[in-house]
Structures are given as structure tokens and as C-alpha cells.
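Hi there,

Here is the structure I promised to pass on to you. Please have a look at it, and then read on for what turned up.

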Amino acid sequence: MKNIILFGPPGSGKGTQAIKLAVKYNLLHISTGDMFREEIKNETPLGNKAREYMDKGELVPDEITIGMLKKRVDSSQNCSGIIFDGFPRTEAQAEALDTMLRESGNPIKALILLDVDDEEIVQRILKRAETSGRPDDSNEEIIRNRIEVFNSETAPVFSHYNNKGLAKKIKGVGSIEDIFRRLSVVMDEL
Ligand code: ADP
């Protein structure tokens with residue numbers, strides 16, 4: 001059972017790499033960003049609430065996010081492992097995740113950080129905006145706010161797992177295949 005957190009700033013390539021890793025290692029891919037976008041598309045009350053935060057580049061409040069995530073994890077008991085993409089994004093979310101997984105006896109095996117610098121991220125997301133249709137991708141001020149939120153609220157999650165000896169870091173710059181190879185090396189060592 002390999003429960004993995006793919007970690008990194010917005011636009012670091014978590015989504016792209018998580019999909020590839022899920023196929024190669026037979027893992028269930030859970031992306032809280034994708035889940036929120038699905039709720040928004042379906043115009044659910046949760047989606048409408050989440051949109052208020054996402055459009056500004058802020059985090060959706062923990063109680064909403066953790067509740068949604070827990071439901072998804074509880075309904076996937078029989079899978080061979082989960083790759084978490086975009087979760088946890090706060091210390092409280094990390095603690096909630098650890099508690100959830102402790103109950104199931106399958107704790108997080110590793111957190112892998114895709115290391116990409118801020119300027120590269122801004123350029124990547126602006127490029128992605130040409131095709132993603134995401135309101136939070138199309139405005140540089142919102143992108144910079146997302147990076148700031150990452151540095152202040154989300155970066156402590158790295159220390160949370162580093163303190164347990166579970167954090168790994170790889171260079172997140174290069175071709176998709178290069179980065180995937182680096183990730184695979186780390187995965188194969190787990
Ligand atoms: P990116 O990694 O490019 O920012 P995501 O799809 O992971 O894209 O997230 C998009 C937005 O969804 C975030 O900016 C945030 O508003 C919301 N979101 C996603 N995951 C979480 C989370 N774990 N906690 C709070 N908000 C979240």
C-alpha cells in the first residue's frame with residue numbers, strides 16, 4: 001500500500017505527474033482542485049462556496065476541504081494506494097489526513113516535493129491559462145496570491161512530513177518525461 005502526497009506550488013506539474021504515477025503504480029488519484037471544479041460545474045452548494053475562494057486564489061476553508069476529502073477516502077477502502085494531489089495544503093489538513101489514514105492502518109509513505117521557482121511558475125500558469133479556462137490562471141495578481149498562500153500556509157506541510165523523515169524533494173524543471181523519471185526513481189525506492 002503506497003499512500004503518497006505529491007506536493008508543490010501551484011503550476012508545479014502535480015496534476016500532470018499524478019495522473020502518470022497513478023497509472024504506473026496502480027494508485028487512486030485524488031485531486032481536491034479537480035473535485036472542487038467538478039462541484040462548481042455541477043453548481044452544488046459546496047461548489048458555489050468553494051468558488052468564492054478559488055477565484056481569488058485563496059484556500060477553501062479547512063472544514064469544507066477536509067470533509068470532502070474524508071468522504072472520498074472513506075469510499076476508497078479497497079484500492080492499492082492513493083496519490084494525493086493538492087492535499088494537504090495546511091498543517092490542519094495534514095493532521096486530519098494522518099488521523100484518517102491511521103484509522104485505516106495505511107499511513108503516508110512519502111511526500112514528494114516538485115521544486116520549481118516562483119518566476120517559472122508564473123510563466124507556466126499564464127501559459128496554461130490559454131487553454132485551461134480556469135479563472136484563477138488568467139490574472140497575474142491572483143497567481144501571485146496563490147504563490148504567497150503556498151509559501152505562508154502550505155509550505156509548513158513539507159516540514160510536517162520532513163520531521164517524520166518522509167519528505168523527498170526532486171527538481172520540477174525539465175521535460176514531463178524527465179520529471180516523471182525522477183519521480184519514478186523515488187517511488188521505486190519506497
Ligand atoms: P494549483 O495546484 O494549480 O493551484 P489546484 O487544482 O490544486 O491547482 O487548486 C486550485 C484551487 O483550489 C486552489 O487555489 C484552492 O483555492 C482550491 N484548493 C484545492 N485544494 C485545496 C485544499 N487542499 N485546501 C484548500 N483549498 C484547496
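Let me start with the ligand. One of its oxygen atoms sits 2.6 Å from a polar backbone atom of Glu58. Please keep in mind throughout that this is a predicted model. Arg89 also takes part: an N or O atom in its side chain is 3.1 Å from a ligand oxygen atom. On the nitrogen side, a nitrogen atom of the ligand has a polar side-chain atom of Gln93 at 2.9 Å. How much of the ligand does the protein bury? On its own the ligand exposes 540 Å², and 97% of that is buried by the protein. Around the ligand there are 20 residues, and those that come nearest are Lys14, Thr32, Arg37, Glu58 and Gly86.

Thr32 turns up again in the helix packing. It belongs to the contact of α2 with α4, where Thr32, Met35 and Phe36 of α2 meet Ile64, Thr65, Met68, Leu69 and Arg72 of α4. By class, five residues of this contact are nonpolar, two are polar and one is charged.

From α5, the contact takes in Glu91, Ala94, Glu95, Leu97 and Asp98, while α7 brings Glu153, Pro156, Val157, His160 and Tyr161. Five of the residues in this contact are nonpolar, one is polar and four are charged.

Finally, two backbone details in the loops may interest you:

- The peptide bond from Phe87 to Pro88 is cis, and its omega is near 0°. Pro88 lies in the loop between β3 (82–85) and α5.
- Asn26 has a positive phi, near 55°, although the residue is not a glycine. Asn26 is located in the loop that runs between α1 (14–25) and β2 (28–31).

Best wishes

Notes:
Residues numbered from 1 in each chain as written. Predicted model: local features only at pLDDT ≥ 70, side-chain atom pairs only at ≥ 80, totals over all residues. Heavy atoms only, no water. Contact = heavy atoms within 4.5 Å. Helix = DSSP H or I, 4+ residues; strand = E, 2+ residues; numbered from the N terminus. Nonpolar A, V, L, I, M, F, W, Y, C, P; charged D, E, K, R; others polar. Near = heavy atom within 4 Å. Polar contact = N/O pair within 3.5 Å; in protein donor to acceptor, adjacent residues only side chain to side chain. Areas by Shrake-Rupley, 256 points an atom, 1.4 Å probe, with all protein chains shown as cover.
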